[in-house]
Amino acid sequence: MFDITADKSFDLNQTHDYMLSIRISPDGFSFSVIHSSENKLRTFKSTPIKISHEKFITRRFTEWLDTEEITGKNFRHTEILFYTEKFVLIPETCFVREKSAAIFHHLFENTIPFAFLDNQLALADARLLFSVPKQLNQFLQSRFENVPILHPLQKIATMFSPSENESRVVLYLTPQSFCMLLFKNSRLVFANSFVVSTPADIAYFVVTVLNQERLTREETKLYLTGDRLQVINAESVLQHHFSSIVLPDLNPDVVFPPEIQGRPDYPLFIL
């Protein structure tokens, strides 16, 4: 567990001026606080936790939340980011919310009750449908009233959207898996997750998808985001396959103080 890292000007009693972002995933929890008007990161904390099964994530998260005083404060804006490998991209013209459960039961094994949420992806004219443990969703709805629950890919798809006529691959890496977004001619045409054991697996899946889409590695720019160690390991292999790899160390729209940069828990990209 890492201690909270804060900008010198951070004031716990002025949270009504700040935006709180909480990230929930099977590999741990984190939060970041950004000053709304200055767009400056005020504080950040990450707590790595290994969760062996989805059914335990609600209990572990509520325990963690109770230990973090800052999450009980009132903020100008709060958002929840929930990472799961179980998601599917559905064209807007085909999306019917009442059929979400049927789609998931057909595509994925569900060992516990789930709630099904969707985020709109304008660049793809589609919905990103994903599952959240039902118990966790109920807790979040009661604890954070009217707070949006987003899949990280929803924000990544917007932040990394390419310019016109550009092909771009964005990878969001975690210790056990990665998500891949493929943009072609400024449109999102592919979104999927892959479970991997080695960085070589990542290279295999990415190259395979590009071949299916008839894109060359030379004309495709590759962006790596997510867990710092996984990004570094993946880059060491992918650099032999791609001539253009970008590690977006910082969100260009947010000011990052030196107190927060360089920590071992500091991700290569904060949403």
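These legends walk you through several close-up views of one predicted model.

The model is predicted, so local features are given only where pLDDT is at least 70 and side-chain atom pairs count only at pLDDT 80 or more, while totals for chains, interfaces and linings use all residues. Residues are numbered from 1 along each chain as its sequence is written, and side-chain values use heavy atoms, with hydrogens and water left out.

**View 1. The whole protein at a glance.** The protein has six helices and 14 strands; helices (H or I, at least four residues) and strands (E, at least two) are DSSP runs, numbered from the N terminus. Of its 271 residues, 51% count as buried. Here buried means under 20% relative accessible area, exposed means over 50%, and partly exposed lies in between, using a 1.4 Å probe and protein chains only. Contact means heavy atoms within 4.5 Å. Among contacts between residues at least 6 apart in sequence, 61% join residues at least 24 apart.

View 2. In soluble globular proteins, nonpolar side chains tend to be buried together. A nonpolar core is a set of buried Ala, Val, Leu, Ile, Met, Phe, Trp, Tyr and Cys residues joined through side-chain atoms within 4.5 Å. The largest one here holds 44 residues, and Ile22, Ile24, Phe61 and Leu181 have the most contacts inside it. A second, separate core has 21 residues, including Val169, Met180, Leu224 and Ala234. Leaving aside residues up to four places away in sequence, Ile24 touches Phe29, Ile57, Phe61, Ile80, Leu81, Phe82, Tyr83, Leu136 and Leu140.

**View 3. Strand β5 and its partners.** Five of the six residues of β5 (residues 77–82) are buried, so this strand is largely enclosed by the rest of the structure. Two strands pair if DSSP finds at least two bridges between them. Strand β2 (residues 18–25) runs parallel to β5, with six bridges between them; look for Met19, whose bridge partner in β5 is His77. β5 also pairs in the parallel sense with β9 (residues 149–150), over two bridges, and here Leu81 stands opposite Leu150.

View 4. Strands β3 (residues 28–35) and β4 run antiparallel and are joined by eight bridges. Strand β4 (residues 40–48) is mostly covered, with seven of its nine residues buried.

View 5. Strands of a sheet pair through backbone hydrogen bonds, either parallel or antiparallel. In this sheet the order is β12-β11-β10-β13-β14, and the pairing is mixed. The edges are β12 (187–195) and β14 (245–246), each pairing on one side only. Strand β13 (residues 220–226) pairs with β14 in the parallel sense over two bridges, and the bridge partner of Tyr223 in β14 is Val246.

**View 6. The second largest pocket.** A 1 Å grid is laid over the protein atoms alone, and a pocket is an open set of points where a 1.4 Å probe fits, with protein on both sides within 12 Å along at least five of seven lines. Grid points are joined across faces, edges and corners, and a volume is the space filled by probe spheres set on the points. The second largest pocket has a volume of about 320 Å³. Its lining, meaning residues with an atom within 4 Å of a point, has 16 residues, of which Pro26, Ile51, Glu54, Thr84 and Glu85 lie nearest the centre. That lining divides into six nonpolar, six polar and four charged residues. Ala, Val, Leu, Ile, Met, Phe, Trp, Tyr, Cys and Pro count as nonpolar, Asp, Glu, Lys and Arg as charged, and the others, Gly among them, as polar.

**View 7. Loop residues worth a look.** Most residues other than glycine have a negative phi, and most peptide bonds are trans. Asp125, in the loop between β7 (114–121) and β8 (126–133), has a positive phi near 50° and is partly exposed at 43% relative accessible area. Arg214, in the loop between α5 (199–212) and β13, has a positive phi near 60° and is exposed at 79% relative accessibility. Glu69, in the loop between α1 (57–67) and β5, is also exposed, at 55%. Glu69 and Leu12 are 57 residues apart in sequence, with 9.5 Å between their C-alpha atoms.
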